[in-house]
Amino acid sequence: MNPVPWARLVAVAVVLLAGIALGGWLAARHFEPRLAEANRKLGEYQHAYLTLAEATGRQNAAIEAMKTAEHERQARAVRAAATARREARGHYNAAQAILGLKPSAGTDACAAARADFDAELRAERGLP
């Protein structure tokens, strides 16, 4: 056998391996800064996402608290309106009774209304 073809084959293999190593080194040198920048941005984006997620959680909790407070206020308003209607029923009946009073013929309606109002006010305040 001729030693030259083996030497050529070894030389070609060494050149190929050197080319692969050089290409890998050049690629790493080219992409390493980009990869470092991408990792830095990824960290920033993750931090921003976590910050926004936390703020959104606080907002949602505040909205739920406001909804709960709204329901409580609404329930109090309904109870207050029912209480006011119950309390106003007596005043409404008294007003209807006053409106039903008719002055006798020939009397001044304004003077009669004033006298009736004054009498009702005295009775309400417990005055003689």
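A: In this predicted model, a pocket is an open set of grid points with protein on both sides within 12 Å along at least five of seven lines, and its lining residues have an atom within 4 Å of a point.

Q: Which residues line the largest pocket here?

A: The general idea goes like this: rolling a probe the size of a water molecule over the atoms shows where empty space is left. In this structure, the lining of the largest pocket consists of I98, L101, K102, P103, A109, A112, A113, D116, F117 and E120.

Q: And how much space lies in the largest pocket?

A: About 160 Å³.

Q: Which helix gives the most to that lining?

A: Helix α2, which covers residues 109-125, gives the most, with 6 residues.

Q: Okay, on to charges. How many salt bridges does a search of the whole structure find?

A: In general, side chains of opposite charge can pair when their charged atoms come close. Searching the whole structure turns up 4 salt bridges. Take E54 and R58: their side chains meet in one, at 3.0 Å from N to O. Both residues sit in helix α1, 4 residues apart, which is about one turn of the helix.

Q: Are E54 and R58 buried or exposed?

A: Exposed, both of them.

Q: What about E37, which residue does it form a salt bridge with?

A: With R40, and the closest N and O atoms are 2.4 Å apart. Again the two partners, E37 and R40, lie in helix α1, this time 3 residues apart, about one turn of the helix. E37 has a relative accessible area of 32%, so it counts as partly exposed. R40 is partly exposed too, because its relative accessibility is 42%.

Q: How far apart are the closest N and O atoms of E64 and K67?

A: They are 4.0 Å apart, and E64 and K67 form a salt bridge. This pair also lies in helix α1, 3 residues apart, about one turn of the helix. With 46% relative accessible area, E64 is partly exposed, and K67 falls in the partly exposed class at 40%.

Q: How far apart are A27 and N39 in space?

A: From C-alpha to C-alpha, A27 and N39 are 18 Å apart, and they are 12 residues apart in sequence.

Methods. Residues numbered from 1 in each chain as written. Predicted model: local features only at pLDDT ≥ 70, side-chain atom pairs only at ≥ 80, totals over all residues. Heavy atoms only, no water. Helix = DSSP H or I, 4+ residues; strand = E, 2+ residues; numbered from the N terminus. Buried < 20%, exposed > 50% of the residue type's maximum accessible area, 1.4 Å probe, protein only. 1 Å grid on protein atoms, 1.4 Å probe; cavity = no way out; pocket = protein on both sides within 12 Å on 5 of 7 lines; lining within 4 Å. Points joined across faces, edges and corners; volume = space filled by probe spheres on them.
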